[in-house]
Amino acid sequence: MEERIEAMARARIVDPEEGPRSKRGAILVAAVERFGEDGYENTKWSEVADRVGIGQTALYHYFESKAHCLLTIMRLELQRSHDQFVEATKDETEPVEELRAAVRTAFAVTEQEIRQMRILQANMSLLATPRKSKREETERVAARQLVQMVERDWTNLLMRGMSKGAYPVRDAHTLGLAVLGMIVSVWRWYRPSGAIPLSEISEMIEGCVVRMVAE
């Protein structure tokens, strides 16, 4: 059990709400592991508590439901993706290199982050319907806003390239959605134990995106 807790502590989930003695981060890591292994619907809330080493009632101090925890994971993953995009592209001035940097950073991820993205993509439909719970609805709305922000990131990147004459002028928003769709679709089928390394997939997608945008 101690080894499991230490492993979860090493896994990285950045959550500004977590205090120094909080179990919130450990719960999120455990939930990502369980949802990633068996799927959200097939994971019992009590199994998350068991993996953290706390009683099930203690979970409700941090999350009022399994859905609240899932929506929090989705919101945090979207924030991470946005922040990584901004960091990777902020110093790039040449449009094609900026585009390449944006694609590469999408695949520069840990196994934990791969699980988070798989969970996000598998449960995107959850963001479409308002929640009755106030805390769940707060997370859902925040996640939807971040989806829009990620889409704007890509739209603005493409518009910058078009304004500089690097790319043919097209509907940047639609093109951005197509590029983003190509990237996120990987997380529906990719597994770290698969035959093709993520580095090769990243290189292939990068080439496809550049051709799609620039030609």
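Mentor: We may, and we begin with a definition: a crossing of two helices is right-handed if the near helix is turned clockwise from the far one by less than a right angle, and left-handed if anticlockwise. Please keep in mind that this is a predicted model.

Trainee: Which hand does the crossing of helix 5 and helix 6 have?

Mentor: The crossing of helix 5 and helix 6 is right-handed. These two helices pack at an angle of about 145°, and their axes are 9 Å apart. Helix 6 covers residues 95-107.

Trainee: What makes the contact between helix 5 and helix 6?

Mentor: Helix 5 brings Q84, F85, A88 and T89, while helix 6 brings E98, A101, A102 and T105. By class, 4 of the residues in the contact of helix 5 with helix 6 are nonpolar, 3 are polar and 1 is charged.

Trainee: How is the packing of helix 5 and helix 7 described?

Mentor: Two packed helices are described by the angle between their axes and by the distance between those axes. For helix 5 and helix 7 (residues 111-122), the angle is about 115° and the axes are 9 Å apart. The crossing of helix 5 and helix 7 is left-handed. On the side of helix 5 the residues are L70, I73, M74, E77, L78 and R80, and they meet E113, Q116, M117, I119 and L120 of helix 7. That contact has 7 nonpolar, 1 polar and 3 charged residues.

Trainee: Why is H68 called buried?

Mentor: The term buried applies under 20% relative accessible area. H68 has 3% relative accessibility, and therefore H68 counts as buried. H68 is found in helix 5, which spans residues 66-89.

Trainee: What does H68 reach or touch?

Mentor: The side chain of H68 reaches the backbone nitrogen of E64 at 3.2 Å. Beyond its neighbours within four places in sequence, H68 is in contact with Y62, F63, R135, E136 and E139.

Trainee: R75 also lies in helix 5. Is R75 buried or exposed, and how do you know?

Mentor: The relative accessible area of R75 is 12%, so R75 is buried, the limit being under 20%. The C-alpha atoms of R75 and Q145 are 70 residues apart along the chain and are separated by 9.3 Å.

Trainee: Which residues touch the most other members of the largest nonpolar core?

Mentor: They are I27, C69 and I73, in a core of 30 residues. The elements that give two or more residues to this core are helix 2 (24-38), helix 3 (45-52), helix 5, helix 7 and helix 8 (134-163). Helix 5 gives the most, with 8 residues. As for I27, its contacts beyond the neighbours within four places in sequence are V48, V52, I54, L59, Y62, F63 and C69. Apart from this core lies another, of 29 residues, among them I114, W154, M162 and L198.

Trainee: Why is L157 called buried?

Mentor: L157 has a relative accessible area of 0%, and therefore L157 is buried. The place of L157 is in helix 8. Leaving aside neighbours within four places in sequence, L157 is in contact with F85, T89, E98, L99 and A102. The C-alpha atoms of L157 and A102 are separated by 9.0 Å, although they are 55 residues apart along the chain.

Trainee: Helix 10 (residues 198-214) holds E206, and E203 is found in helix 10 as well. Which term belongs to E206, and which to E203?

Mentor: E206 has a relative accessible area of 9%, so E206 is buried. For E203 the value is 60%, so E203 is exposed, since that term requires over 50%. E206 touches R100, V103 and R104, not counting residues up to four places away in sequence. E203 and V103 are 100 residues apart in sequence and 9.0 Å apart in space, C-alpha to C-alpha.

Trainee: Finally, what makes P168 partly exposed?

Mentor: P168 has a relative accessible area of 31%, and therefore P168 is partly exposed: the value lies between the limits of 20% and 50%. P168 is found in the loop between helix 8 and helix 9 (172-189). With neighbours within four places in sequence left aside, P168 is in contact with M162, V213, A214 and E215. The C-alpha atoms of P168 and I196, 28 residues apart along the chain, are separated by 33 Å.

Technical notes: Residues are numbered from 1 along each chain as its sequence is written. This is a predicted model: local features need pLDDT of at least 70, side-chain atom pairs count only at pLDDT 80 or more; totals for chains, interfaces and linings use all residues. Side-chain values use heavy atoms; hydrogens and water are left out. Helices (H or I, at least four residues) and strands (E, at least two) are DSSP runs, numbered from the N terminus. Buried means under 20% relative accessible area, exposed over 50%, partly exposed in between (1.4 Å probe, protein chains only). A polar contact is a pair of N or O atoms within 3.5 Å; within protein, one must be able to donate a hydrogen and the other to accept it, and residues adjacent in sequence count only if both atoms are side-chain atoms. Contact means heavy atoms within 4.5 Å. Axes are lines fitted to C-alpha atoms, for helices over the stretch in contact, and angles run from 0 to 180 degrees between N-to-C directions. Ala, Val, Leu, Ile, Met, Phe, Trp, Tyr, Cys and Pro count as nonpolar, Asp, Glu, Lys and Arg as charged, and the others, Gly among them, as polar. A nonpolar core is a set of buried Ala, Val, Leu, Ile, Met, Phe, Trp, Tyr and Cys residues joined through side-chain atoms within 4.5 Å.
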